[in-house]
Amino acid sequence: MTEPLVSRMRAFGTTIFAEMSALAVQTGSINLGQGFPDTDGPAAMLDRAVQAIGSGANQYPPGPGVPELRRAVSEHRADHYRLDYDPSGEVLVTVGATEAIAASVLALCEPGDEVIAFEPYYDSYAASIALAQARLVPVTLRPVEGRFTFDPDELRAAVTPRTRAVLVNSPHNPTGTVFTREELEVVAEFCRERDLIAITDEVYEHLTFDGVAHVPMATLPGMRERTVMISSAGKTFSVTGWKTGWVCAPAPLVTAVQTVKQFLTFTAGAPWQLAVAYGLRHELEWVSALRSGLQDKRDRLMEGLAAAGFEVLRPAGTYFVQTDIRPLGFTDGLELTRRLPELAGVVAIPTQVFYERPERGRHYVRFAFCKKDEVIDEAAARLKRLSA
């Protein structure tokens, strides 16, 4: 039998997250690879999901999402960013941000179109673009004075007559950088000049540190009308398994995305939607405490990684710390992470898999700090074996 998988998807195979999480289970290693917390979200919000199940919210909800959640999302956008979205036509609930990204790319890109993404990028971006038979054009983020950023000239060179959209992820996974208003304005200028769509992955919008502010692209002049703004409850409320996300955009863009989304999953789980609506309205103080706790965990892991001999780059947001492995005598992150369970009993993610040009990130490894303090401390103690 010939290879059954379509050619455009053959390069992807099993995700690095599945591979490394399986390795953690097989070896009994501490999993600092995949970005999921080991504690639950706010108890009252969890209770709301249980109540929703018990009260019969177990059938198909409306395709665009439960009205209560769409209204709560609209209120949240207005309260936090002064962005006005009509919940009846400019908000769409999705099965997590990953579906929102895929549906957006599939809805808005024709075969042969080009989509700019900042590398390293979340791995679903490349797969979604491949499914659309479009072409990913990478612009590389590089460390400058301790934080990852891009060269405006490289972005300018990446824009061609075939460019359809720019995928912007801030706070950025996997580097932990948070784009400044000035950096976002550079991207916005190209979008306005070339009539491009901005697809913005903002799932870590509430998880920024050291007083760094998250600036949504849609708040910049001339950008609301051309931005597909994507968020998720998973990271905000530590319920990654609920897979509840949403799109905010002008009605024509939402209609386009929903046209595709309805044939992917049709709709998202009703109990989680009702619980997230409650969370957006009543649990943002809990989120503020989560952010403060994560900042402490970041510092805890950074200290441990530095003590183990890594060069550590300080993230301004997300769940992740980037490290340079060369001070420890290693040069290939994929090789190191596959050996790390044996060497130290810890699992991490090789950053090179998030690059179109892997050689540019071969010496970086990503560690997650969204774990209990005792887990972080034990991982740090084990990693010291690398420099012993």
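Modeller: Happy to! Let us start with Thr236, which is in contact with Val203, His206, Trp286, Val287 and Leu290, leaving aside its neighbours within four places in sequence. Contact here means heavy atoms within 4.5 Å. Please keep in mind that this is a predicted model, where local features need pLDDT of at least 70 and side-chain atom pairs count only at pLDDT 80 or more, while totals for chains, interfaces and linings use all residues. Residues are numbered from 1 along each chain as its sequence is written, and side-chain values use heavy atoms, with hydrogens and water left out.

Colleague: Why is Thr236 called buried?

Modeller: Buried means under 20% relative accessible area, exposed means over 50%, and partly exposed is in between (1.4 Å probe, protein chains only). Thr236 has a relative accessible area of 3%, so it is buried. Its place is in helix α8, residues 233-236; helices (H or I, at least four residues) and strands (E, at least two) are DSSP runs, numbered from the N terminus.

Colleague: What does the side chain of Thr236 reach?

Modeller: The side chain of Thr236 reaches the backbone oxygen of Ser232 at 3.3 Å.

Colleague: Now the rings. Why is the pair of Tyr60 and Phe266 called edge-to-face?

Modeller: The structure holds 14 aromatic pairs, and this is one of them. Rings of Phe, Tyr and Trp (its six-membered ring) pair if their centres lie within 6.5 Å; planes under 30 degrees apart count as stacked, over 60 as edge-to-face and the rest as tilted. The ring centres of Tyr60 and Phe266 are 5.7 Å apart and their planes are at 85 degrees, so this pair is edge-to-face. The pair links distant parts of the chain, 206 residues apart: Tyr60 is in the loop between α2 (43-54) and α3 (67-81), and Phe266 in the loop between α9 (251-261) and α10 (270-282).

Colleague: Is Tyr60 buried or exposed?

Modeller: Tyr60 has a relative accessible area of 73%, so it is exposed. Phe266, with 37%, is partly exposed.

Colleague: What makes Phe150 and Phe179 an edge-to-face pair?

Modeller: Their ring centres are 5.8 Å apart and their planes are at 80 degrees, so the pair is edge-to-face. Phe150 lies in the loop between β6 (147-149) and α6 (152-158) and Phe179 in the loop between β7 (163-169) and α7 (181-194), so the pair ties together parts that are 29 residues apart in sequence. Phe150 counts as buried at 7% relative accessibility, and Phe179 is buried at 2%.

Colleague: Which residue lies over the face of Phe320?

Modeller: That is Arg366, at 3.5 Å from the ring centre. A charge sits over a ring if NZ of Lys or CZ of Arg is within 6 Å of the ring centre and within 35 degrees of the ring normal. The charged end of Lys371 also sits over a ring, that of Phe36, 3.8 Å from its centre.

Colleague: How do you know that His363 is buried?

Modeller: His363 has 14% relative accessibility, so it counts as buried. Its loop runs between β14 (349-350) and β15 (364-368). Not counting residues up to four places away in sequence, His363 touches Thr323, Asp324, Ile325, Arg326 and Thr331.

Colleague: And Gly63, why is that one buried?

Modeller: Its relative accessible area is 13%, so Gly63 is buried. Gly63 is found in the loop between α2 and α3, and among the residues it touches is Phe266.

Terms used
Polar contact = N/O pair within 3.5 Å; in protein donor to acceptor, adjacent residues only side chain to side chain.
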